[in-house]
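This report describes the fold, the charged contacts and a few individual residues of one protein. Please keep the sequence and the structure in view while reading.

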Amino acid sequence: MAVEHPVTAPSGDQTRIHNIGYRSYDGPRLGRAYARRSLYSQSLRGAYGLGRSVKSKVLPMLLFVVMCVPAAIMVAVAVATKADELQVGYTRYAIIMQAVISLYVASQAPQSVSRDLRFKTVPLYFSRPIETADYVRAKFAALASALFVLTAAPLLVLYIGALLAKLDFADQTKGFAQGLVSVALLSLLFAGLGLVIASVTPRRGFGIAAVIAVLTISYGAVSTLQAIAEAQNSTGSIPWIGLFSPVTLIDGVQSAFLGATSAFPGGIGPSHGEGVVYVLAVLGLIAASYGLLMRRYRRVGL
């Protein structure tokens, strides 16, 4: 309730000072779960520029369209030519489009965390009611969900198109399910790595460059080393070299367990035994990314 203190000015005019003070809140307190869901929803919407300026929507929406257009073209060709199968398998599509996916991660991971670091708003999040784990989980889940939407949407286009082309329902459903498993792992892995890299610097530009460098340079280096190994008839080392790049890690997992054709030189993918190492490496990187984010934000929130 405002308290009015009349004060008489020297000129004889009456002036009033309104001291409103601090007002208590008697409404419902929704707690950590609501705050966590709100942060997740806000971050997921922000990953596609929703609720932000038109300029912020251009790049993520453009990349989404770029991901889906080739799938639509493949479907149109399959329907027009009455093909017996799709030109590209469900598990191969994300590997082919990995440059677009890397660019999306590079643009949106810094947007998710770098602004909070730059404007020093992270301690305000942790004041109450959420804690460090809530912030990290919400950001991690939001970017992984955004990536899953980006990578699963073209697979859905391929699946619907395959059914319209009257391809075998059982084969297409199995391939579609395998593709979803593959892109789910990819989304978790890329989201974790992107957020860890972006959280190192509050400068969004530096974060974008660093994410692009890690994802693209590692893939280029691994592919080059694998090609050299094949040229020297050292084919046994090709699967092990693939452990050192996020893209080739996903390729190895899906070629070992999801029936995919490997993109490694000569199509030499890992065996089932080597595939177990790939799975452990992917899960270990996801867990390590989460742990590093927790450590990072515990320090930032102090």
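Helices and strands are DSSP runs numbered from the N terminus, where a helix is a run of H or I of at least four residues and a strand a run of E of at least two. The model is a predicted one, in which local features need pLDDT of at least 70 and side-chain atom pairs count only at pLDDT 80 or more, while totals for chains, interfaces and linings use all residues. Residues are numbered from 1 along each chain as its sequence is written, and side-chain values use heavy atoms, with hydrogens and water left out.

## Overall fold

The protein contains 11 helices and two strands. Along the sequence, these elements follow the order β-β-α-α-α-α-α-α-α-α-α-α-α. The radius of gyration is 25 Å, well over the 19 Å that the globule rule gives for 302 residues, so the protein is more spread out than a compact globule. Here the radius is taken over C-alpha atoms, and the globule rule is 2.2 Å times the number of residues to the power 0.38.

Of the 302 residues, 42% count as buried. A residue is termed buried under 20% relative accessible area, exposed over 50%, and partly exposed in between, with a 1.4 Å probe and protein chains only. The protein exposes about 15,900 Å², of which carbon and sulfur atoms supply 64%; accessible areas come from the Shrake-Rupley method with a 1.4 Å probe. A contact means heavy atoms within 4.5 Å. Among contacts between residues at least 6 apart in sequence, 73% join residues at least 24 apart.

## Charges and salt bridges

The protein carries 26 positive and 13 negative charges, and their mean positions are 11 Å apart. Lys and Arg count as positive and Asp and Glu as negative, whereas His and the chain ends are not counted. Each charge is placed at NZ of Lys, CZ of Arg, CG of Asp or CD of Glu.

A salt bridge is a side-chain nitrogen of Lys or Arg within 4 Å of a carboxyl oxygen of Asp or Glu. The count by this rule is four. Three of these pairs are tabulated below.

| Pair | N to O distance |
|---|---|
| Asp134 and Arg32 | 2.8 Å |
| Arg36 and Asp134 | 2.5 Å |
| Lys139 and Asp116 | 3.7 Å |

Asp134 is buried, at 0% relative accessibility, whereas Arg32 is partly exposed at 34%. Asp134 also pairs with Arg36; because Arg36 lies in helix H1 and Asp134 in helix H6, this pair ties together parts that are 98 residues apart in sequence. Arg36 is partly exposed, at 28% relative accessibility.

The salt bridge between Lys139 and Asp116 links distant parts of the chain, with Lys139 in helix H6 and Asp116 in helix H4 (residues 98-118), 23 residues apart. Both partners are buried: Lys139 has a relative accessibility of 7%, and Asp116 has a relative accessible area of 10%. Salt bridges that share partners join Arg32, Arg36, Glu131 and Asp134 into one network.

## Individual residues

Which residues does Gln111 touch, not counting those up to four places away in sequence? They are Gly46, Ala47, Arg52 and Arg204. Gln111 itself is in helix H4 and is buried, with 7% relative accessibility.

Most residues other than glycine have a negative phi. Lys82, however, has a positive phi near 55°. Lys82 lies in the loop between helix H2 (54-81) and helix H3 (90-96) and is exposed, at 71% relative accessible area. Lys166 likewise has a positive phi, of about 60°, although it is not a glycine. Lys166 is found in the loop between H6 and helix H7 (169-198), and its relative accessibility of 76% counts as exposed.

Val277 belongs to helix H11 (residues 272-300) and is partly exposed, with a relative accessible area of 31%. Leaving aside residues up to four places away in sequence, Val277 touches Trp240 and Leu243. The C-alpha atoms of Val277 and Leu243 are separated by 8.6 Å, and the two residues are 34 apart along the chain.
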